[in-house]
Amino acid sequence: MRPIMVELQKSLRASSPFSLVLLLVLLWLNITVRPSMAATKTVPVGVILDLNSRLGKMVNNSLALAVENYYLVHNNTATKITLVVWNVSQDNIIIAANRAYRLMHDVKVRALLGPQNSEQARYIVRLGEQLQVPVIWFPITGPSLLPPPSPSSIYIGQGLNCYQFQAIAASLKALGWQSIVPIYEETEYGSHLVPCLTNVLKEMGIRMANVTAIASNSSDRDIDDILLKLNNMRTHVFLVHMSMDLGTTFVLSAQRKEMMGEGYAWILTQELSSLTDPQVTVTRNLYTGQVLSGSFTDFFALKRYMQGALGVRPMDSNKTDARKGIENNFTAKFGGASLTIYGWWAYHTIEALAMALEKPGADNNGTKLRSEILATNFTGVSGINFNLKGGQLDQSVLEVYNVVGTRERIIGSWNPKDGFVQNNSKSGEVSGDGYQLSGPLALWPGDTLDKPPKLRIGVPRTNSFPEFVNVDNSSKLLIDGFAINVFLKAIGVLPFLLNNYEFVLLPNKNASDTPTNYDDLLCSQMKDEDLDAIIGDIAIVTKRTNCVDFTLPYLDSSVAMVVRAKAYRSKGILFKPFDWSLWLILGGIFVGATIIIIMLERNKTNEKDKTNEEDKTKEFRSNPFLVYKMDAMEFKSKSAGWMVILTSLLFILVVQVYTANLTSILTQGEKKKPEFKDENEVKSSNVFVGHRNGSWVKGLLINQMGFDPSRLKPLATREEYNLSLSNGIVGAIFDETPYLTLFLSRYRSGFMMAGPIHKTGGLAFAFPKKSSLALHFSNAILKVTQDAEPYRVLMARSSLPTSIEDLIFEDQSDTETTSLKIDNFGGLYPS
């Protein structure tokens, strides 16, 4: 300081007044500004990224812009970040670890940002723990201070890395999908998909068909070969989980193969979702034949090739004006590149680190700096809440969007608490300039509402009871029957639109008269034919539940038997009016009653005779004839009264007898009783027993009822039922009640149901195990069957009896009464 003052004194003696003022100003600046500049400490921060990757470039540019903007606004800080960037390929773990060590040990960086690869991050984070340097790495789910979980533990807790797959699975279930084809990049990042998706799809009942892995260094020819195999599969619903670089190549290859249009569906995970941003541009290769001849930048964005695609990404709805200004600056500064949400995460990471470095002691103490970073919580200029309190950015709230034109339609959101929540607005929230779309949840590739692929619904070929399934060919219009009609009604009440399906005839053979065996169809052809369901008159049987999931039954059923009926005529309960034995009995009763009455009257008069004997003697002496006449008249008078009473009672008795006999005669009719009352009588008689061909009832007869298999005969149609019973070929037929009622409705007079019934699970539809459609259709069937009157109309339209009570057992209701005729009254007036 002293030499400076000496030089200043010399200058003052020789200078003019103006120079003196200038020197004073310079002296003041030297005193005030230099201490301030000396107080700003430069803090080196290391960065390890793959600058040859699209994500690496964007993150690096975001970090640089964030440093520039932060200190432009905060120009009076005690510390200032200086980025030390090293480019390391994502595939090289050893070099990444070596560069990180040199940055921490030699360059003395106070923090390290990156890398992108989770395997590299696992080593670098541990190295940072040893050297007390906080490491913030950049997985696709956002910046994190936590070490990457190992592949064996990451999926147990269903952490943040699995959230996007949970959101995807919930969206697929809401849309009614049955199966998807996952396609993933064969890296640690890509391999996260399989265990995460396996767990969540299993819970949702959605199948993963042909999981496909693609190497990161795959050539265009390799990708074309994979796409050809995928295109030959029936399922064209593809879930793509790749990095931006491989994903871009894959999508453009699919577009060249014409696999991005109608009949295909594409679902994108988080990183590829950023590529559908309208501002994102891609580099396309130019070919001369099959030879690469150059490349060009496509400014129309990748979204142009992803029409109808479905994607998930972190919720990011606060698009402020300040944010748009920074995004425009980013695009202008870095050659047309776009700043997506992943770039914003990197941008806010610099802000969080710069604020933490300002805390006392944080600039030279790694443990202190880490704790201050964890305490950072702010809402950035982007509108994103940036909080690393839990060690990593919480991105558990995701939005599900549908690509429509060059814009997006937000169809819902997902979070761990509420699951998938559909957008409540009529047309959905739309980005860009307000694309409006009402109706279904999503619009699919080719600008169609039909979800690819078509559901394959198996329908059995049958010619036994066409009331249930009546098939002419595979056309929807020529397949009819009660089971088909219930299926169509159920489709109408599903919670989602389902109009893209096709019927597949089973078994898939040329012989249309091949008996339908549901055990084979459910346990073999369901898988072989890659079916989404089998509908028809399918009985719910325990052993079949090992192969398929059933819906609730759409029709109740039980197993009973039909036998020949023996006719007999019922008799009157008393004697007939012309039966002379009746008159003999009644005459005897009348004579006996008369004698008793006379004897009783004589006993009563004896007492009077004694008391009046003296008077009568005197009267007799005077006029004996008069006394005798008076006694006779008195006796006759009393006897006549009793006879009137007795005759009246006898008349009433006769009338009641006539009435009872008349009622019995008029109401008697033909009644039936079964030839065999139960299966025990059938077995003891050693007759042949019939059953419907291909029915599971055959196993019931052998295994539970104990019938000899050699005594069983398969029958195909109700006409065979009639002939076999009528001609005595079989003594009884066992079948489910829906078929027996149809048989009896046509051939009722000679046959009847008999014996106990065996309750079964009913008739239902079958779906592959864990199918989400099974639950949807169960709820739909419940709605259809509970709407009683339309359901009865549906049964009547298929010629099904709407009630079976009048067709079951003789002792309950099966009496055939006869009409009244003149002959019925003949017994009252015998000739």
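Predicted model: local features only at pLDDT ≥ 70, side-chain atom pairs only at ≥ 80, totals over all residues.
1. Let's start with H13 and H14. Helix H13 covers residues 341-357 and helix H14 covers residues 366-374. Their axes sit 9 Å apart, and the packing angle is about 125°. That angle makes H13 oblique to H14. If you look at handedness, H13 passes H14 in a right-handed crossing.

2. Which residues of H13 and H14 meet? On the H13 side they are Leu353, Ala356 and Leu357, and on the H14 side Leu369, Glu372 and Ile373. Sorted by class, this contact of H13 with H14 has five nonpolar residues, one charged residue and no polar ones.

3. Next, H3 against H12. Helix H3 runs over 54-73, and helix H12 takes in residues 321-333. The axes of H3 and H12 come within 11 Å and cross at roughly 120°. This crossing is right-handed. From H3, the contact uses Met58, Asn61, Ser62, Leu65, Glu68 and Asn69. From H12, the partners are Ile326, Asn329, Phe330 and Lys333.

4. Helix H15 is residues 482-492, and helix H25 is residues 788-797. They pack at an angle of about 145°, with their axes 9 Å apart. The crossing of H15 and H25 is right-handed. Phe482, Asn485, Val486 and Lys489 of H15 meet Tyr791, Leu794, Met795 and Arg797 of H25. By class, that contact divides into five nonpolar, one polar and two charged residues.

5. Now the cavities. How many cavities of 30 Å³ or more are there? The count comes to two. The second largest cavity has a volume of about 70 Å³. What lines the second largest cavity? The lining is made up of Leu55, Val59, Phe138, Pro139, Ile140, Gly142, Pro143, Tyr342 and Trp345. Two helices from the points above turn up here again: H3 and H13 each supply at least two residues of this lining. By class, the lining has eight nonpolar residues, one polar residue and no charged ones.

6. As for where to find the proline, proline 115 is in the loop between strand E3 (111-113) and helix H5 (118-131).

7. The other backbone detail concerns glutamine 132. Its phi is near 60°, which is a positive value in a residue other than glycine. Glutamine 132 lies in the loop between H5 and strand E4 (135-136). H5 therefore makes a handy landmark for browsing, as proline 115 is in the loop between E3 and H5, and glutamine 132 is in the loop between H5 and E4.

Notes:
Residues numbered from 1 in each chain as written. Heavy atoms only, no water. Axes fitted to C-alpha atoms, helices over the stretch in contact; angles between N-to-C directions. Helix = DSSP H or I, 4+ residues; strand = E, 2+ residues; numbered from the N terminus. Parallel < 35°, antiparallel > 145°, perpendicular 65-115°, else oblique. Left-handed = near helix turned anticlockwise from the far one by under 90°. Contact = heavy atoms within 4.5 Å. Nonpolar A, V, L, I, M, F, W, Y, C, P; charged D, E, K, R; others polar. 1 Å grid on protein atoms, 1.4 Å probe; cavity = no way out; pocket = protein on both sides within 12 Å on 5 of 7 lines; lining within 4 Å. Points joined across faces, edges and corners; volume = space filled by probe spheres on them.
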